[in-house]
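Please read it with the structure open.

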Amino acid sequence: MAHVVLSDAEKLFIIHGVEQDIRNDGRSSFDYRDFSIQPDIVTSASGSARVKLSNTEILVGVKAELDVPEERTPNQGKMDFYVDCSPLASPRFEGREGRELGTEIYNALNAIYVGGRAITNLEKLCIEPGKHCWLLNVDVVILECSGGLYDAISIGVKAALYKTQVPVVEYCEESDEVSVDGDIFRQLDLDFSLCPLLVTVSKIGQGHVVDSSLEEESCCNAQVVMGVTSDGRVSGMRKVGAQSLTINTICDMVSTATQAGIDLNHSLMAKLQATETAAS
């Protein structure tokens, strides 16, 4: 990820602040920075959103296309992710480091959203079991990075999925073809409100925080990234960083992430509903 260079004194100041629940930007350990959402920003996509979390900026687009279901899940649709770590976001994203980070984020998204069976709408994306289904391609572009990358990406993914529209189609068994339903404006009833958000908890000194800034990430020993739904269910968890964590520390971080994830989900849904009200 992107990093900033800090002196030992600056790192010590941040670490002592976190341990006393006083962060250098005035937040408590469990507070998120304010974020903004611009839904339907890409008109050619099935759904899209632009998210800005402090100075971290993410663009997410969802494109629906026809595909063939997996053999092990013949009655489900599919979802795939692509992550572009643009060098414009950080010079460190250029070359191998950017590709490695993109792969790491892809694996986290795929494990928590698809592998963790956190998406309950995949059955609705099936057109004909074993033959035809919808594939949702979720493209993530990192425009700027200022900490909280996983969290900001998941906010963009959920916002884009929430706005995604997939047309209702009909399957003809004789010709084995799929055609759009008579009403071209009729859409599948998809509900992504229970889609999880990624919450990153960073271990700094003897304390831990959510939504770490770049300066705090430079002092971070290890991170735990968890997928948390609006009702507090954890759909998956990954550890980032080389330092080990004790069982008690992990339990505390899971508890923190669960409550922060519930609050973040509610905040996101409130913003999305507010944009719909304003548009109408």
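The points below cover the basis of the model, its cores, a helix, a sheet and a loop residue.

1. Basis. This is a predicted model; local features need pLDDT of at least 70, side-chain atom pairs count only at pLDDT 80 or more, and totals for chains, interfaces and linings use all residues. Residues are numbered from 1 along each chain as its sequence is written, and side-chain values use heavy atoms, with hydrogens and water left out.

2. Main core. The largest nonpolar core has 64 residues. (Such a core is a set of buried Ala, Val, Leu, Ile, Met, Phe, Trp, Tyr and Cys residues joined through side-chain atoms within 4.5 Å; buried means under 20% relative accessible area, exposed over 50%, partly exposed in between, with a 1.4 Å probe and protein chains only.) I105, L136, V138, I142, I153, V157 and L161 touch the most other members. Helix α3 (residues 149–162) gives the largest share, nine residues. (Helices, H or I of at least four residues, and strands, E of at least two, are DSSP runs numbered from the N terminus.)

3. Not counting residues up to four places away in sequence, V157 touches V60, F81, Y113, V138 and V140. (Contact means heavy atoms within 4.5 Å.) Another core lies apart, with seven residues, including V18 and C219.

4. Helix α1. Which residues of α1 are buried? They are I14, G17 and V18. These cover an arc of only 100 degrees around the axis, so they sit on the same side of α1. (The arc is taken from the directions from the helix axis to the C-beta atoms.) The face turned away from the buried side carries exposed D8 and A9. Cover for the buried residues includes β9 (197–204), β10 (207–210) and α4 (214–217). D21 follows α1 and has a positive phi, near 60 degrees.

5. Sheet. Four strands form an open sheet in the order β10-β9-β11-β12, with antiparallel pairing. (Two strands pair if DSSP finds at least two bridges between them.) β10 and β12 (234–240) stand at the edges with a single partner strand each, so one side of each has no neighbour in the sheet. β11 (residues 222–228) and β12 pair over six bridges.

6. Loop residue A45. A45 is found in the loop between β1 (35–39) and β2 (47–53). A45 is partly exposed, at a relative accessible area of 22%. Leaving aside neighbours within four places in sequence, A45 is in contact with V62 and K63.
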